[in-house]
Amino acid sequence: MEKKNLDWANLSFSYIKTDKRFVANYKNGAWDEGQLTDDDKVVITECAGVLQYSQSCFEGLKAYTTEDGHVVCFRPDLNGQRMEDSCRRLEMPVFPADRFVEAVVETVRANLAWVPPYGSGATLYIRPYMFASSAVIGVKPADEYQFRILVTPVGPYFKGGAKPITIRVSDFDRAAPRGTGNIKAGLNYAMSLHPIMDAHRQGYAENMYLDPATRTKVEETGGANFIFITKDGKLVTPKSDSILPSITRRSLLYVAQHYLNMEVEEREVPLTEVPSFAEVGLCGTAAVISPVGKIVNHDEEICVPSGMDTMGPVLTKLYDTLTGIQMGRIEAPEGWIKRIA
Ligand SMILES: *Cc1c(COP(=O)(O)O)cnc(C)c1O
């Protein structure tokens, strides 16, 4: 198979149309077989549920080439299960996790020419998503839905190494108590666009959101969970019902415990505790870990001891171990790596 002639190392994180995408339709109470198609256009009624009442959810994962030349993806079963949870919360029909994984594999196999080569730092980003496709005008769930998977090659998240970022404590909330913060719904992102644009205009890379009920505890950013390293080398991560359960974060916790013999704590993290941590990172599929160097809370500046030049030593060890597992350089726990080709 001939690879596409792209400048892999210099791709950005933006959409490039690839050859094939997966489409399945839900109608009369059941999903059809689904199929691959060349057609990148979605044609739906002007009154579709997704357009009127935002009934939609999505997932995000990556396929990449390992050191020994296989194409794999990382724990896609967890993305399938998380999408099931998102669908249930939004009164959408579940696309079963096992069929989700099969469809991911089928879609990546049909676009192998677009999977970046090993060592380029680039990956094939996989975006499964579902939306209400039939008309609704009274407020209720739609009767028909479409599930699609598109793939697009994306460049290395950090060009020239991971530089620590400066973030701010947001005056906005990203989720409501007992709301939809724990599912991957498009609506959570729509309401985060103003806070993130405002943060960028003020010179911050990201927003640190606090718990919406009391605004005293750390939750997450718009698209990544927090991990903290204590001065005595423990990994601490916030626990809350309104945080999106990151697969990267759950994997890092496992790696910390079982590969690096670290103690881990998943618990409430008061904002007042943040100045006592030695290292702060954001974690998610896109960057795996992004180091945070400074957190600004109005007049207060919290300078993380690991500084503004490089990722701290413990986060670096976690990053190297997890990316080593993903790339096939370190043996993976059973079931973590799904071989596609
Ligand atoms: C997707 C997402 C994450 C990261 O989850 P991963 O499974 O690690 O990619 C974190 N926070 C939010 C709000 C997200 O939508």
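**Figure 1. Interface between domain 1 and domain 2 in the predicted model.** Domain 1 and domain 2 bury about 1,600 Å² between them, and 64% of this area lies on carbon and sulfur atoms; buried area is the accessible area (1.4 Å probe) that two parts lose on being put together, summed over both. In domain 1, the residues that lose the most area to domain 2 are F58, F74 and R82, together 37% of what that side buries. The domain assignment of the protein gives domain 1 as 8-154 and domain 2 as 165-326, such bounds coming from an automatic or database domain assignment. The C-alpha centres of domain 1 and domain 2 lie 26 Å apart. Domain 1 brings 20 residues to the contact and domain 2 brings 19 residues, where contact means heavy atoms within 4.5 Å. This is a predicted model, in which local features need pLDDT of at least 70 and side-chain atom pairs count only at pLDDT 80 or more, whereas totals for chains, interfaces and linings use all residues. Residues are numbered from 1 along each chain as its sequence is written, and side-chain values use heavy atoms, with hydrogens and water left out.

**Figure 2. Composition and polar contacts of the domain interface.** Nine residue pairs, both members at pLDDT 80 or more, are in polar contact across the interface of domain 1 and domain 2. A polar contact is a pair of N or O atoms within 3.5 Å; within protein, one must be able to donate a hydrogen and the other to accept it, and residues adjacent in sequence count only if both atoms are side-chain atoms. On the side of domain 1 that touches domain 2, the elements giving two or more residues are β4, β5, β6 (71-74) and α2. Of these, α2 gives the most, with six residues. Helices (H or I, at least four residues) and strands (E, at least two) are DSSP runs, numbered from the N terminus. The residues on this side of domain 1 comprise eight nonpolar, six polar and six charged. Ala, Val, Leu, Ile, Met, Phe, Trp, Tyr, Cys and Pro count as nonpolar, Asp, Glu, Lys and Arg as charged, and the others, Gly among them, as polar. Between domain 1 and domain 2 the count of salt bridges is zero.

**Figure 3. Salt bridge between R82 and E59.** A nitrogen of R82 and an oxygen of E59 lie 2.7 Å apart in a salt bridge, defined as a side-chain nitrogen of Lys or Arg within 4 Å of a carboxyl oxygen of Asp or Glu. R82 belongs to helix α2 (residues 76-89) and E59 to the loop between β4 (56-58) and β5 (61-65), so that the pair links distant parts of the chain, 23 residues apart. Both R82 and E59 are buried; buried means under 20% relative accessible area, exposed over 50%, and partly exposed in between (1.4 Å probe, protein chains only).

**Figure 4. Further salt bridges.** The whole structure holds 16 salt bridges. In one of them, D19 and K4 pair with their closest N and O atoms 3.5 Å apart. Both residues lie in the segment before β1 (21-27), so the pair ties together parts that are 15 residues apart in sequence. D19 is partly exposed at 32% relative accessible area, and K4 is partly exposed at 28%. D198 forms a salt bridge with R168 at 3.2 Å between the closest N and O atoms. Because D198 lies in helix α5 (residues 193-201) and R168 in strand β9 (residues 165-169), this pair joins parts 30 residues apart in sequence. D198 and R168 are both buried. K234, E265, R267 and E273 are linked in a network of salt bridges.

**Figure 5. Residues with positive phi.** Most residues other than glycine have a negative phi. R178 has a positive phi, near 60°, and is found in the loop between β9 and α4 (186-190). R178 is exposed, with a relative accessible area of 79%. V288 also has a positive phi, near 65°, but its place is in strand β15 (residues 288-297). V288 is buried, with a relative accessible area of 6%.

Figure 6. S86, in helix α2, is buried with a relative accessible area of 0%. Not counting residues up to four places away in sequence, S86 touches C57, I183 and K184. F13 is found in the segment before β1. With the same exclusion of residues up to four places away in sequence, F13 touches Y125 and V154. F13 and Y157 are 144 residues apart in sequence, yet their C-alpha atoms are 7.5 Å apart in space.
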